[in-house]
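Please work through the exercises below with the sequence and the model open beside you. Each task is followed by a solution that goes step by step.

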Amino acid sequence: MKVKILCRKSKKNKEGLAPIEISTTAKGVWKLLSTGRKIASKKFSCKSEKVKGGEEELNEYLSAIRSILYSIETFLIKNGICVLPMSS
């Protein structure tokens with residue numbers, strides 16, 4: 001499974017804030033998950049997949065989401081359960 005954190009600049013609201021979303025790909029199936037968080041898109045680094053400018057709490061939150069997703073994947077694999085993203 002691949003997990004990528006991204007800022008959807010194309011979805012900016014009236015205040016200029018864009019949602020931070022999680023892209024997951026497993027066995028060729030792609031899903032986009034909302035984190036419920038929004039930021040000014042210029043504060044997001046696509047390369048490092050982190051928020052710039054001293055936003056450590058938000059970066060820790062995003063890192064925790066990534067870790068949880070990988071933990072779930074590991075649990076499912078160890079228990080012989082098919083690993084695919086959630087259905088919409």
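**Exercise 1.** What percentage of the contacts in the protein chain with a separation of 6 or more comes from residues 24 or more positions apart?

*Solution.* A contact means heavy atoms within 4.5 Å. Among contacts in the protein chain with a separation of 6 or more, residues 24 or more positions apart account for 41%.

Two notes apply to every exercise. This is a predicted model, in which local features need pLDDT of at least 70 and side-chain atom pairs count only at pLDDT 80 or more, while totals for chains, interfaces and linings use all residues. Residues are numbered from 1 along each chain as its sequence is written, and side-chain values use heavy atoms, with hydrogens and water left out.

**Exercise 2.** Find which pattern of helix and strands the protein chain follows along the sequence.

*Solution.* Begin with the elements: the protein chain has 1 helix and 5 strands, where helices (H or I, at least four residues) and strands (E, at least two) are DSSP runs numbered from the N terminus. Reading along the sequence then gives the pattern β-β-β-β-β-α.

**Exercise 3.** Locate Arg8 and Glu21, and state whether each is buried or partly exposed.

*Solution.* The side chains of Arg8 and Glu21 meet in a salt bridge at 2.9 Å, N to O, a salt bridge being a side-chain nitrogen of Lys or Arg within 4 Å of a carboxyl oxygen of Asp or Glu. This pair links distant parts of the chain, since Arg8 is in the loop between β1 and β2 and Glu21 is in strand β2, 13 residues apart. For the accessibility step, buried means under 20% relative accessible area, exposed over 50%, and partly exposed in between (1.4 Å probe, protein chains only). Arg8, with a relative accessible area of 22%, is therefore partly exposed, whereas Glu21, at 12%, is buried.
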